Amino acid sequence: MHASLPASGAPEKATLRLGFVALTDCAPLLVAQRFAASAGLELQLLRQPSWAALRDKLLSGELDAAHALYGLAYGVQLGIGGPQADMAALMTLNQNGQAITLSPALAQQLRSGQSLRQIVATSPRELVFAQTFPTGTHAMWLYYWLAAQGVHPLNDVQSVVIAPSEMSATLASGRLDGFCAGEPWHAVAAQAGAGVTWIVSSEIWPEHPEKILACRRDFAALYPNSARALIRCVLQACRWLDADSMHRAEAARMLAQPQYLNQPEALILPRLLGQFPPRTDTPEPVRFFGNGTVTYPWLSDGAWFVSQYQRWGYIKRDIEPMTIAAGINQTALYRQAAAELGIACPDGDVRQSVLMDGTHWP
Amino acid sequence: MLRVLLVTDTAKAIGELRATLLQQDYDVLPDAVSSTALLWAVEQQRPDVVIIDTESPSRDTLEQLAVMNATAPRPVVMFTPDANQQLIRAAVGAGVTTYVVDGLAAEKLSPIIEVALVRFAEDDRLRQRLAKVEQQLSDRKLIDRAKGVLMDKRGLTEAAAYELLRTQAMKQGQKLADVARQLINMSDLLG
């Protein structure tokens with residue numbers, strides 16, 4: 001692998017405990033292990049059974065850093081529905097790669113030309129949609145998609161969380177109408193015939209931010225060399241994942257192993273490559289690097305989540321989203337680490353996005 | 001009467017709390033065995049307290065309920081500042097997370113957490129006791145082998161061999177099993 005000469009000092013802490021949840025987009029952390037030795041680090045990967053457990057262990061110090069939903073760090077920073085702590089986002093791990101799956105019955109109704117709004121209004125029972133964590137990205141994609149069709153996600157339907165591994169069976173039982181989660185759970189539901197991958201997340205917000213490398217802010221402050229070394233390892237991993245589709249095939253093989261996703265490689269790989277059968281087109285799949293545009297911790301990305309918490313009434317007090325983002329996203333650390341690898345950084349901290357309903361952000 | 005829901009979707013024996021809680025006159029609802037079951041149970045049966053393994057994959061379901069619904073069980077650490085923090089830390093340390101309805105008085109919650117704590121502290125003691133018994137068993141085997149070596153090489157009786165080992169251990173201030181291990185290693189070396 002590429003040997004990298006660290007410009008910053010030796011890591012203050014050499015053995016880092018990294019949490020992850022069994023999702024395809026934890027791939028950067030798996031691959032980062034290959035680059036750890038040259039950065040003077042040993043990375044221990046610890047699979048977590050829930051986002052709540054991952055959060056608690058980050059806060060208690062049992063984990064040093066983690067593969068985390070973008071919104072998880074922001075929710076903890078703002079103390080929404082749980083403990084409050086100062087959080088840090090060291091870098092973005094990926095864009096895109098999530099989806100919304102619908103029950104075959106609901107998909108059929110939509111195909112027949114009824115709007116979701118009509119279906120919700122005339123349904124004899126309340127429709128139920130599941131996601132994975134209250135302040136998480138999947139909740140926000142689901143809510144955005146519903147709202148873009150004139151359906152209020154909190155008033156017009158029931159919004160619940162169930163474990164991703166149970167999504168397919170719950171859909172099949174008829175008690176759930178759709179879910180938003182990461183892969184490979186959409187592939188699992190499609191394979192079981194329990195659901196239809198209706199829309200992929202890059203169709204809600206092209207090149208949306210998804211998972212981050214999260215830690216407590218005091219970790220980044222106390223161990224800046226370790227934090228930079230970790231960013232370097234993960235940046236190299238992201239670059240490798242995007243360099244060649246053969247690398248993605250190799251990543252799928254790694255992810256399939258029992259200690260990581262424990263799901264068949266045949267369900268993981270197609271969606272890493274943008275194949276969503278029975279669709280014949282190839283909507284934009286997960287991206288890990290994009291020459292450093294994916295990995296940069298854009299302040300405008302973080303601010304979006306704050307704006308959505310305001311939109312859905314999670315926070316009532318008056319706060320400035322960009323100020324919150326500037327506290328969490330460690331752009332200075334990231335820039336130093338990227339410079340050490342010769343990876344380009346943007347001039348500013350804001351990128352322009354257009355979402356599915358035509359809204360420009362910021 | 002407080003309504004308690006136990007979530008039993010991991011290897012940790014949360015379900016074993018049932019008998020004790022029933023004895024203490026709590027209303028213990030049917031166990032939830034998955035996050036889906038937990039969701040419907042909370043909606044339909046409105047438990048006051050949910051006890052769940054910290055490593056349960058169903059915890060995120062409760063996190064959502066805590067954000068969305070004021071009457072749903074909430075994580076105890078955040079919502080009951082007056083509860084006995086020491087007790088709660090100990091419960092979390094024992095691998096049990098408790099979610100309670102906002103405003104539930106600490107004195108009502110404490111006995112439930114205590115039951116969980118005693119139960120899982122007991123588990124821990126059992127594990128330690130088992131480890132000790134296993135250690136004793138393997139020590140015994142070592143000592144028997146060492147006795148065999150002495151009986152064989154020095155023509156001693158079993159009692160005399162044991163006495164020799166014991167004297168040696170006392171002289172060196174070492175454990176009997178350690179002396180036995182040294183003797184066996186040495187005799188392997190000498191053939």
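This is a predicted model: local features need pLDDT of at least 70, side-chain atom pairs count only at pLDDT 80 or more; totals for chains, interfaces and linings use all residues.
## Where the two chains meet

Let's start with the interface. On the chain A side, 29 residues are in contact with 20 residues of chain B. The size of an interface is often given as the accessible area lost when the parts come together. Here, chain A and chain B bury about 2,000 Å² between them, and 54% of that area sits on carbon and sulfur atoms.

The rule picks out 13 residue pairs in polar contact across the interface of chain A and chain B, with both partners at pLDDT 80 or more. So which parts of chain A give two or more residues to the side that touches chain B? They are α2 (51–60), β7 (158–161) and α7 (164–172) of chain A. Of these, α2(A) gives the most, with 6 residues.

## Salt bridges across the interface

Side chains of opposite charge can pair when their charged atoms come close. Between chain A and chain B, the rule finds 3 salt bridges. One to look up in the structure is Arg59(B) with Asp56(A), whose side chains meet at 2.7 Å, N to O.

Arg55(A), Asp56(A), Arg59(B) and Glu63(B) are joined into one network by salt bridges that share partners.

## Salt bridges inside the chains

Over all chains, the salt bridge count comes to 25. Take Asp64(A) and Lys13(A), where the closest N and O atoms are 2.7 Å apart. Are the two partners buried or exposed? Asp64(A) is buried because its relative accessible area is 5%, under the 20% cut-off. Lys13(A), at 27% relative accessibility, counts as partly exposed.

Two other pairs are worth a look on screen. Asp281(A) and Arg279(A) meet through their side chains at 2.9 Å, N to O. Asp281(A) is partly exposed, with a relative accessible area of 38%, and Arg279(A) is partly exposed too, at 26%. Over in chain B, Glu163(B) forms a salt bridge with Arg166(B), with the closest N and O atoms 3.8 Å apart. Glu163(B) and Arg166(B) are 3 residues apart in helix α7 (residues 158–172) of chain B, so about one helical turn separates them. Glu163(B) is partly exposed at 40% relative accessible area, and Arg166(B) is partly exposed at 36%.

## Two fully buried residues in chain A

Thr92(A) belongs to strand β4 (residues 87–92) of chain A. Why does Thr92(A) count as buried? Its relative accessible area is 0%, so Thr92(A) falls under the 20% cut-off. The side chain of Thr92(A) reaches the backbone oxygen of Tyr296(A) at 3.3 Å. Setting aside neighbours within four places in sequence, Thr92(A) is in contact with Tyr70(A), with Glu210(A), Lys211(A) and Ile212(A), and with Val294(A), Thr295(A), Tyr296(A) and Pro297(A).

Next up is Ala337(A), found in helix α15 (residues 331–341) of chain A. Ala337(A) also has 0% relative accessibility and counts as buried. Leaving out neighbours within four places in sequence, Ala337(A) is in contact with Arg228(A), Ile231(A) and Arg232(A). From Ala337(A) to Gln236(A), the separation is 101 residues in sequence and 11 Å in space, C-alpha to C-alpha.

## A helix and what it packs against

The last stop is helix α12 (residues 265–272) of chain A. Which of its residues are buried? Leu267(A), Ile268(A), Leu269(A), Arg271(A) and Leu272(A) are, an arginine among them.

The buried residues of α12(A) pack against α8 (185–191), β9 (196–200) and α11 (245–256) of chain A. After α12(A) comes Gly274(A), with a positive phi near 90 degrees.

Note on methods
Residues are numbered from 1 along each chain as its sequence is written. Chains are lettered from A and ligands numbered from 1 in the order in which they are written. Side-chain values use heavy atoms; hydrogens and water are left out. Contact means heavy atoms within 4.5 Å. Buried area is the accessible area (1.4 Å probe) that two parts lose on being put together, summed over both. A salt bridge is a side-chain nitrogen of Lys or Arg within 4 Å of a carboxyl oxygen of Asp or Glu. A polar contact is a pair of N or O atoms within 3.5 Å; within protein, one must be able to donate a hydrogen and the other to accept it, and residues adjacent in sequence count only if both atoms are side-chain atoms. Helices (H or I, at least four residues) and strands (E, at least two) are DSSP runs, numbered from the N terminus. Buried means under 20% relative accessible area, exposed over 50%, partly exposed in between (1.4 Å probe, protein chains only).
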